[in-house]
Structure formats: C-alpha cells, structure tokens
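Okay, thanks for coming, everyone. Let me put the structure up on the screen, and then I'll walk you through a few of its contacts.

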Amino acid sequence: MQNTLLLTIILPAAATLFVYFLGKKSSKSAALLIVLICLANITLLSTTVPTILKAADHKYVESYYWIPVLHASFTLFVDGISLSMAIITLILILAAAIFSINYMHEKKGLAEYYALLTLLSIGLVGVFMTSNLMLFYFCWELMLLPSYFIIGGWGYREPYRAAFKFFIFTHAGAIFVLLGIGAIFMVTGDLDMFQAKTALMTANPELVKWILLSLTIGFAVKMAAVPVHMWLPDAHSEAPAPMSALLSGVIISAGAYAILRVSLGTVFPAVMATGFGSMFLHGLTVFGIITAFFGGLIALVETDIKRIIAYSSIAHMGYVLFGLSLFPFQEPVTGTVLHLMNHAVSKGLFFLSAGAVMKQLEIRDIREMGGLSGKMPVTATASTVAALSIAGIPPFACFISEFLIFVGAFQTINIDNFYLIPTALMLVATVLSLAYALRFLSHVFLGVTKHEKVTDPPYFMKTAMIILAVLTVALGVWPTFFTQLISSASFV
Amino acid sequence: MIELLYASLPIIAFVLFSLLTIPIFKIINKMKSRKNILLKLFWFLTIFIVSSVTVANLALKYYAEPSPKPFLNLSLTVGPSAIFSSTFLVDAVSVYMAIIFTGVSTVTVIYSLFFIDTDNELSGRYYAVILMIIGCVVGTALAGDFLTLFIFWEATAAGSSFLMLYQKTAKSIHATIKYLVMIIIASAFIIYGLSVIYAITGTLNFWEVKHALTALADKRLLEIAFVFIAAGYSIEAAIVPFHMWLPDAYTAAPTPSSAFLSALVDQASYYVLLRVLIYILTPPTVLPWTLLFAVLSALTMIVGNLLALTERDVKRLIAYICIADVGYNLVAITSVTPLGIMGNLYFFLTGGITTALAFMTVGVFNSMGIKNLEDFSGVGRKMPFTSLALVLAAFSFAGVPAFAGFMAKYLVFTSAIEANMGWLAVVGVLTSVIQAAYLLRLINYMYAKKPKEEGRIKEPKKLLIPIFILAVTIVILGVYPSIILNLIEPVIQQFQLMP
C-alpha cells in the first residue's frame, strides 16, 4: 500500500472521538476498540517488513506536505529499529487497554481515560516513526500531555503532584531538545535527520558540540538518567498500573531511542573524530554506571511495591546508557535496541502484575505481603517471569540483550581500554538486579501467607498478563526475527 | 490614486460603522423585542463582513500587482508637497496585520455582545469606541509616515482609556489615570524624538527617513532621537521596567474589553515596535541597539514570568503573561533576521488569540465569582467546557506542540540562535519552563483540588461559541501552521529584497 504509515497515525487520531463516545456508553467496548486499532496497526506495520529487509537502504519512507516554509514535511519512515520499537509499543498499549477493562472499571470518567489513551498511542508510535525533527518534537510532546492527564486524573495518593513533577521535568528537558532542533535548523537549513546528518559534517564543530549536549540532556531527562531521574519514582508509582507499564515500558525507552537516533545517529558523526567525541561517549558510560548502581541500590531497600519496580527501571536505563556509549559498533547497538524492547515487555508485565497484587490486596507495602503464590498462581507466575527476565536470567527476554551488550563491551575494550573497568562494574550491577528481583519475589509471593481470602484478578487482567508473559519467554527463546530487523538498520 | 482609496477603505469603514452604531443601537433597544441580541449580532456581522471585504480587496489588489517594489507608498497629496503629506504604506506586513486584526476583532466583539454582566449591559457607546479602536489599529498597521502612525496609535491609546474607564469604579479610574500618565509621557517622548528626526532628515516618511539615516554621517543627534522614540514606544508596549500600568489597566477594564485590548491593542504595540525598530528607524548597521533591547527582553521575560508566578488573582496572572509575551516578541525583534520577523508576525496572531481566549474564559469564571487560584479549586468538573478552553490556552502559552503557541516560540528561539544570541534563547527557554509551572499550578487547582461546593454550574452557552472558535483555531494552527506561515512568507522575501 502507498500510505501504510500515514494510516497508522490517522487511524488512532480519527478513532479518538469514537472511543470517547463509545466509552460514554460502555467503557469495555471502548477498550476493545483500542485493542482492535492496535491490532490493525500492527498488521499495517508488519506489511513493511519485506520492504525493509529487501530495500538497499533498509528503509521505508513516506512524505507529505506540511510546513514547507520551515522545511518540515510530514515524513514518516521505518527502518528495523523504528519498526521493532513501534510494534512493541503497540503490543504494550494493547495489553494496557485489556488490563484496564477490569483494573479501572470502578473508576469514574473512563470515556476520557480511553480517549486519552488513544491520543497517547499516536504520540508513542509517532515518535518512533518519523525522520523529521519537527514532527518528532510534536510526537515527543504528544506523549507528555495525555500521560499528564492520565496520571493526574486516575492516579493514587497525590496524583497531580506526581504528574506536575513529571510534566515540568520532561517539559524542561523537551525545551532543551527544542533548542537543539532549532540550532540544527539554523546550521543546516533542514529538519530531516538524514539530510541534517550530512550537512552537519561540514558545520562548525564548536557549535555542533553544544547542539549535541543540549539534545542529549533533554533526552536524558525523559530517560530518567541520574541526576535528572527525580520525576520517575513518583510518576511511575502514583500512575494507574496500565499507565505505569506504558511509562516504564515505552516513554523512557523513547528517550533512549532519541539519544540513539538523534544525538548519536544525526549529530554525533560530525564530532566523532574529534577528542570531544570519545569524551562524550565516556561521559555516557560514567552516567550509565551511576544510574545503574543508584537505581539498583535503592530498589534493594525500597518497600513500596511499585517504587521497587520504578527504581529498577532507572537501573535498566543505566544499562541502556552503557550500551549506547559503545556506539557505533553493531552488536552493542543491536543489543541496546533489543534491550529497550525486552525491557519494555518485561517491565510492562512487572507493573501489570504489581498492579494486580495491589488491586486484590489494597496495600502497597511488600513487608505486609507474603505467600501469595498459592492464592494467585497466574499473577505469581507472571511476576516470576518478569522478575527473572529483569534480573537477566535465561531463557527470559532480557538475558539475550544484556548478553549482546556485554559482547559489544568486550569488543570495544580491544580498541579503547577505558571500557575495562566500566564493563566490570556493569557486570556487578547485574548481580544487584538479581538481588532486588529475588527480594521482591520472596517478600510478595513466598513465605507465610497473611491474606486468606485473596484470589487471582478477573479474566481480562489475567489475559493481559499472560500475553506479555508469553511474549517475554518467546523473545528470550527466539529473538532472531527482531535481531535481524534491528541489525538491518545501519548507523555507521 | 485609486489605490489610496483601497488602502483607506477599511479604516473608513470601521470609523463610519462606529458612528452609525450608537443610533442603530438606540433603534434596536426601542423595539424591546426579545430578539434584540440577534439584531445586534446581525449588525456586527454586517460590519465585519463589509470590512473583511475591504481588507480582502486590499490584499488581493496588492498581491495581484507584479510590483518589483516591496511596498507601495500612497501619499494623500501629490507633487512637490508630497513629502509633507500623510502617507499610507502597503506592504506584505501591513496587509497581514490588517487581516489578522480584522479576524481577531470579530471574535472578541461577538464575545462582548454575548457577555451580559449581572449589573449592566454594555451600551452602544462601548461598541462605538471598540469599532473606532479597530479602525485606528488598522490605520496604525497601514500608516506610512511617523506622523500618521503617531496619530492613529495615540487615538488607539485614547480609545483604550475609554474602555478602561467604562466601569467608573474607583479601581478603574485609578488604573485609567495611571495608563494616561504613562501614555502621555510616552507620546511626549515620541514627539520630541520625531522632531529631532525631522530636523536631521527633513522628512517623516518611513522610507525616506530610512534612506536619509543610512547615509547619515554625524550620529549624535540620531542617538538622542532614538533614545526618546524607543523609550516612548517601549512604554506603550509595556517593556520592563515600564510595565507597571498594564496589569492594572487590563484588569480594570470590563472583561470583554480585556480580551479585546490584549488581542488587538497589545499586539499592535508590538507591531509598532517592530516597524519602527527594524524597518524604519535604525537598522542595526546605523546604530547598534540590539544588545540594549536584548537585555530588556531578557528582563521582561524574567520579571513578567516571576510576577505571574507569585500572582494569585488569575486575571492579573494572564495580564502578567501579556508582559512576558512582550519579552518573547522582543527576542525575535532584536534578532533582526527574516526568521525572527516571521516569528513575530506569527506571534502577533497566536499570542493575541491565546491571551484573548484566556481572558474570555477567565471572564466567564469571574462572572461566577471565581477569581483567585483558591476559587478555581475543582472547577474542572463543575464547568468542564470553559475549563477545557482555559487548559488549551494554558498549553498554548506554555509552548507545548500541537497548540498554536509552540510554533511561535520555536521561531522566536531559533531566530535568537541565528543572531548569535544563544544566551537569550536559553533565558527564553528557562522562563518558559517557569511559565509551564504556574500554568500547571492553575490546572492543578482546576482538576485536582476538591471544590468547596459540589454540583455543576450552568455554563453560559452563547459565550462558549466565541470561546470555542478561538480554541479550535489554536488547535488547528498548532497542527497545521502552514495556513498562516504561507501568508507570512512574502514578508520574508520582501525583507531580503529591502534596500
């Protein structure tokens, strides 16, 4: 088809109002409509797979008229990396919508909730699918607005406080991104990533340096790298569980994807040969290690069920930063993108099962839980799959991608022996993640039960968890399809 | 000569209709039928259709002409005395300004028509003054020499003071006096500066002044003239440290007119700054004034946003955002780049629409007795539609994409980078984070806090029509800004063509 990618954007955009009015009548059918849209979009996107694998530049591009004055055209494109991220995003949205049917059913204003979720899906998918920086920024902020209202409107405790923190931090970051984009436009006169990449090669390296820093700081806020992580624990733990799954699964991954695609993919080649280039990569490594240890250590002592998972997200973004700092080798880039996907699925599953536990028990302190494995077998299995995957244990998803990152790290040591100590430290950090995963499992599901009348959650919540659990195992056992797709995209 | 008529027709139309409005209103009120308001609406629609036709005619005639000159200079008299004559100037900028002034004023006037205060209905005189001001503002946009600009612009200010005085409370009289004192000082400055300019160049016509100044050898007198003129127009545009009159003046006026003032008069004051500073008076090659105004603009952004951060009265808060907006406009003006001018012109429209929308919605809240931040607790559920419009305005102010304000801010900051003033762009970026913070605090009050009393408040349905016209415009312009940017594009080409 000619307009495949445009359709994937237009479909949810047009459906938003339908979802809203359908939601007024029956919230369940609104959620199922979202599921249908996601399925349709996944089908549409998968039709581009043959083109991507066969085409000479491994890309599929569509371009439409938008703002010619600013050289901004409505360019949609997918290559292996974008396509994998977009498909995983759609699967997570699908699971979140199914989970919401039971999880949210006693809440008010569900029509608005599902309409916002549909809007959110445009931004989430769009951000992975465009090569125009202006359109990219539009989608980037379109992720922010609906999530602000979802966290604020349907969250726990003081939701608008957490949502405010989330908005201000990431908006401040976004505005630095905007400065960077403006500067790229000034220097190159173009807003297309691939055109800009070539044009930046001849630009003043002093200026390119500032552009790179400004963009990377902005993206790092979304990614919640230490020291700009403060918004994440609040936002993730106060949001309703389906939203936490999306936040932790997709939104912070979008930050990492943006660093890979824009900072490293577009701007970085211009300064790669200079001394600043390696300094920048080493800086990423250092922040990656700090982030991994910070997140892992706090997750080890937290007692709030969702905050543990939130801090583990920070820790995993540390791995991702470390993986990104091994740019431009093929294995670590593939490994990092694969880790973003695997982490998205596992963490989504983790948050959904934590949400199920919270929903059935109505407490959030893990010290008051215990022995739930007998009472909630499905939830317990799902949590175990998620936790072991997060800890990096084969045959679950995250093992493969972490392995690929470390393979890349050892390759890089041959060239730049700065990476020797960081790699060792990152290996220690994986032990931390095993520790907090086991602590979580033993506190919540093992031991003596304190709650007699607990059962597994209702049908739809179980379905959502099973979908993601199966996917976590499947990605761990047979990652070939996605590794092929991802490694078809070239950066060097 | 026939083109002179085309240029003056919009102004003549507004002034003529303004004079007709009082008798027509008398007649309509005598009829005492229930359909009064429909008749009045019909009358205003006639006015705006006629004047839109005149403006459209001007635009079409201007663009139909394959003129090699970037502008048309239309003197009232011809021959050797033309140099002293009043002049109209038609170029892409003034045509664009005339279009957006007519468009935005339509919506604000419809709003004031539907806004029936508990105490008093707005009289025919009020509308006459408003129409007169629109005529003067369009005249300001089309003026071709300093004196014509001065006359139309001071007439605008005088008319605005009538709007502020309209309620005749102690507060409004106080605010009006403050405003008048500032404006009179400003016009004294300007007149003094203009007399010096005339002494140096022997003319007041924009382009001739410009040519004379570019060739000027001794710049000492010009420096004096520049300081006076720039100070005068800075006072009228409420640049910090001359901003004190604005919050009082805008909050003292009846609600519909604060929307009107911010959408038209405020934007016109930026236009005057742009025209005088960049196009006419002193290109930076003649006098290096950019740094001075860059500092002022940084100050204005910081002070305006900090004052808004500490303000608890929501109407005043919006007035402080107007001040901050002056700062953002100044960023683009000081960059003196084609991109900056594009940003300015786009900002004139989006800033006008957004502040007008904010004042309109806050006006609806105020008429329900909801004034301070605390009163806004929980209104999101009590008045969902009005609240939604205010939220859209807030995000447009904060420069979040998919709303009109974003593209304006993007152009402004990019132009600052282009002019090698990265620090100014950073200041602008940081202050817009502050802006997002206090606007989110407002949203937080509206949706998160518990209201004092439960239950929905009935929203005035008629007022929602103009409010949602603007709200939808904000979203459409946000998603597809090409509608306006294509209109502005000729300006950029002319700016590069300019001698």
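**Helix packing and the chain contact**

So, let's start in chain B, where α12(B) and α16(B) cross in a left-handed way. This is a predicted model, by the way, so keep that in mind as we go. The helix α16 covers residues 404-418 of chain B, and its axis comes within 8 Å of the axis of α12(B), with a crossing of roughly 40°. Who's touching whom? On the α12(B) side you've got Tyr328(B), Val331(B), Ala332(B) and Ser335(B), and they meet α16(B) residues including Lys409(B), Leu411(B) and Glu418(B). By class, that contact splits into 6 nonpolar, 2 polar and 2 charged residues.

Now, α12(B) has another partner. Helix α11, residues 290-310 of chain B, packs with α12, residues 314-335, at about 160°, and their axes are 8 Å apart. Angles over 145 degrees count as roughly antiparallel, so that's what we call α11(B) relative to α12(B). The contact includes Phe293(B), Met301(B) and Gly304(B) from α11(B), and Tyr320(B), Gly327(B) and Tyr328(B) from α12(B). There are 16 nonpolar and 7 polar residues in there, and no charged ones. This crossing is left-handed too.

Last stop, the two chains. How many residues are in contact between chain A and chain B? It's 25 from chain A and 23 from chain B. On the chain A side, β1 (60-67), α6 (133-154) and α7 (159-188) each supply at least two residues.

Methods:
Residues are numbered from 1 along each chain as its sequence is written. Chains are lettered from A and ligands numbered from 1 in the order in which they are written. This is a predicted model: local features need pLDDT of at least 70, side-chain atom pairs count only at pLDDT 80 or more; totals for chains, interfaces and linings use all residues. Axes are lines fitted to C-alpha atoms, for helices over the stretch in contact, and angles run from 0 to 180 degrees between N-to-C directions. Helices (H or I, at least four residues) and strands (E, at least two) are DSSP runs, numbered from the N terminus. Angles under 35 degrees count as roughly parallel, over 145 as roughly antiparallel, 65 to 115 as roughly perpendicular and the rest as oblique. A crossing is left-handed if the near helix is turned anticlockwise from the far one by less than a right angle, and right-handed if clockwise. Two residues are in contact if their C-beta atoms, placed from the backbone, lie within 7 Å. Ala, Val, Leu, Ile, Met, Phe, Trp, Tyr, Cys and Pro count as nonpolar, Asp, Glu, Lys and Arg as charged, and the others, Gly among them, as polar.
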